[in-house]
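Look at the structure below and keep it in view while reading. The text goes through it one part at a time.

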Amino acid sequence: MWVFDTDSLRFLMVNNSAVSLYGYSKEEFLKMTIKDIRPQEQLTALIKEVSSQRNDLNHAGEWVHLKRDGSLLFVEVCSHVLPPDKGIARRLVVANDITARKQAELQLRESETKAQTILNNIVEIVFSFNGNMEMIYVSPQCNSILGYSPEDFYQDKYLWFNLVHPADRHLFEAALPNIKKSSEQFQLEYRIRTINGEEKWAITHCSAILDEKGVMVRLNGSLSDITARKKAEEGLKFSDFSIERASEAFIWVKPDSGILRVNRACCKLLGYAAEELEQLTMFDIAPMFEANEWQGHWQLLENQKSLTLETFLISSNGELHPVEMHWNHFVYNRQSYSFTSIREIGERKKAEQEKATLTEETARQNKHLQQFAYIVSHNLRAPVANIVGLTSLYNRVNPLDPINSVLISKLEKTSLRLDATIKDLNEILTIRSQADQKMEVVDLKESLKDVLESLALQISGCDALVTSDFYEGREVLGVKGYVNSIFLNLISNAIKYRDPNRRLEIHIKTVFSDSYLCLLLKDNGLGIDLTKQRHKVFGLYRRFHPYIEGKGLGLHMVKTQVETLGGWVDLDSAVGEGSTFKIFLQAPPKDE
């Protein structure tokens with residue numbers, strides 16, 4: 001408390017409580033006026049208050065004062081008049097510190113403001129029921145979610161429960177007895193109707209406040225609109241149902257090659273349970289992927305967003321399945337994944353192979369037809385023309401005419417050449433017509449032995465050296481008669497077209513190449529100029545050494561027989577050096 005001069009407003013006396021509360025010493029107080037402990041903005045109100053007519057006892061209300069350190073002090077002030085002292089009008093002031101109360105009130109107001117702001121901005125409906133389950137509070141969100149105002153719920157205290165879908169009310173009936181006797185939080189999902197009849201899904205979290213006897217006095221909770229979530233869940237369930245029952249296999253892959261998920265068709269294709277596949281990586285089921293190349297594959301997928309690959313997948317029993325994989329990149333929760341569809345293409349690949357084989361066979365047959373047309377137009381036309389010409393010259397009027405005997409002799413030679421040509425054509429056509437002949441395992445060493453025995457006189461007659469090496473393989477899939485004929489034609493040609501200036505050498509060996517056995521037959525004969533003749537070498541009636549007797553049929557027969565056996569033939573040759581024939585024939589499968 002203190003006493004001040006009502007005219008000069010100077011402090012005349014202060015007690016110890018004032019010194020302690022304000023932080024000034026008594027000496028400092030006595031040099032000050034009551035204006036010195038007031039904020040600048042309150043001075044006008046202070047002068048007005050002091051100048052006004054007041055009762056002897058006056059309650060001046062609540063004021064804000066300043067402490068010595070400049071901090072604010074909330075006080076409640078009462079004053080009354082003291083008798084004058086030596087002509088000085090005086091007044092006694094009692095100031096009560098209410099700073100703590102004011103701060104508490106301020107904090108309360110701030111808390112209420114924050115709470116109201118939160119209630120106004122949250123999307124959930126916040127509610128409270130009393131012990132009789134009557135609505136006593138509901139937040140404004142009830143209007144945006146349900147279309148009802150808080151007043152609607154206050155007027156009809158059971159409106160909330162009446163809005164619950166009839167089929168879901170049993171959930172409340174079953175849960176309410178437990179809710180009323182426990183302070184634990186409960187959760188319910190149910191359908192609720194809006195003011196316009198729309199059906200929404202809601203989730204409620206609530207907990208009861210119990211008195212000391214365990215009786216519920218209040219139930220607080222919130223309601224959230226989960227309609228969108230429920231629709232999304234239903235959509236996901238439908239998608240999941242569809243994917244699981246799809247006939248096409250699907251697999252979800254992580255960036256580290258791990259398998260995240262598979263559907264039933266994928267399990268059926270690979271022979272694994274879903275749990276087993278989800279423990280594997282793509283390296284375990286797809287041989288084409290290697291660890292050191294995986295990141296490159298994934299980077300390509302991220303850049304292109306989708307990839308289509310043809311590869312093989314390994315099932316649980318080790319079987320290889322040709323498949324077409326469609327990789328689709330997507331990001332979920334900032335994590336990269338691939339949704340990959342898998343389609344078996346075994347039947348398609350088989351059809352493609354059959355188509356390719358048919359196309360190849362058609363092309364080969366067309367080539368054969370062209371060759372046959374050439375033969376007919378050249379090799380048959382000339383003898384037939386000769387026969388027609390000779391018969392036209394025959395003297396039918398005088399059979400004894402000397403010219404007739406000459407014509408008959410020439411007609412006989414022409415007929416024999418025509419017969420030989422027809423026999424050659426018949427042999428070639430016979431070979432081609434037997435393309436489906438059953439293949440068997442043929443021993444090359446035994447076939448060569450038979451051929452060398454049949455050519456023994458020719459070989460010894462020219463002092464030829466013949467060597468063989470079947471170390472890398474001696475068995476092929478074929479027809480023994482064809483294999484013998486191949487040996488016979490190639491060795492006979494080597495003898496016929498040998499270089500007279502050096503001893504003939506024929507070296508035979510085999511080399512394994514993938515699933516084929518390559519038969520190499522090398523000689524040091526005259527050789528062929530392949531720069532000019534390569535495209536003619538295996539043609540019918542093609543001859544490259546006209547001064548040596550021959551028909552030009554042997555190499556064509558070799559090529560025809562090799563192709564009939566599913567192989568092919570190649571040739572390296574140089575004039576004056578010799579020739580190397582490379583005969584590729586199918587090797588029999590190896591025993592497991």
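In this predicted model, helix α3 (residues 43-51) has Leu 43, Leu 46 and Val 50 as buried residues, where buried means under 20% relative accessible area, exposed over 50% and partly exposed in between (1.4 Å probe, protein chains only). These three lie on the same side of α3 because they cover an arc of only 55° around the axis, the arc being that of the directions from the helix axis to the C-beta atoms. An α-helix has 3.6 residues a turn, so residues three or four places apart point the same way. On the face of α3 turned away from the buried side sit the exposed residues Thr 44, Lys 48 and Ser 51. Helices (H or I, at least four residues) and strands (E, at least two) are DSSP runs, numbered from the N terminus.

Residues are numbered from 1 along each chain as its sequence is written. Because the model is predicted, local features need pLDDT of at least 70 and side-chain atom pairs count only at pLDDT 80 or more, while totals for chains, interfaces and linings use all residues; side-chain values use heavy atoms, with hydrogens and water left out.

Next come the strands. β8 (186-193) and β9 (199-210) pair in the antiparallel sense over eight bridges; two strands pair if DSSP finds at least two bridges between them. Phe 186 has Cys 206 in β9 as its bridge partner. The two strands β8 and β9 form a hairpin with five residues between them, and Gly 197 in the turn has a positive phi of about 90°. β9 also pairs with strand β10 (residues 216-225), in the antiparallel sense and over nine bridges. There, His 205 has Ser 222 in β10 as its bridge partner. The hairpin of β9 and β10 has five residues between the strands, and Gly 214 takes a positive phi near 80°.

Where is empty space left? Rolling a probe the size of a water molecule over the atoms shows where empty space is left. A cavity is a set of points, on a 1 Å grid over the protein atoms alone, where a 1.4 Å probe fits but cannot get out, and lining residues have an atom within 4 Å of a point. Grid points are joined across faces, edges and corners, and a volume is the space filled by probe spheres set on the points. The count comes to three cavities of 30 Å³ or more. The second largest cavity holds about 90 Å³ of space. Its lining has 13 residues, of which Phe 129, Phe 161, Phe 172, Cys 206 and Leu 219 lie nearest the centre. How many of the lining residues are nonpolar? The lining divides into 12 nonpolar, one polar and no charged residues, where Ala, Val, Leu, Ile, Met, Phe, Trp, Tyr, Cys and Pro count as nonpolar, Asp, Glu, Lys and Arg as charged, and the others, Gly among them, as polar. Helix α8 gives the most to this lining, with three residues.

Leu 465 has Glu 505 in β19 as its bridge partner. Eight bridges join β19 to strand β20 (residues 516-523), and these two run antiparallel. Ser 513 stands opposite Tyr 516 in β20. The hairpin of β19 and β20 has two residues between the strands, and Asp 514 in the turn has a positive phi of about 55°.

Definitions and conventions:
1 Å grid on protein atoms, 1.4 Å probe; cavity = no way out; pocket = protein on both sides within 12 Å on 5 of 7 lines; lining within 4 Å.
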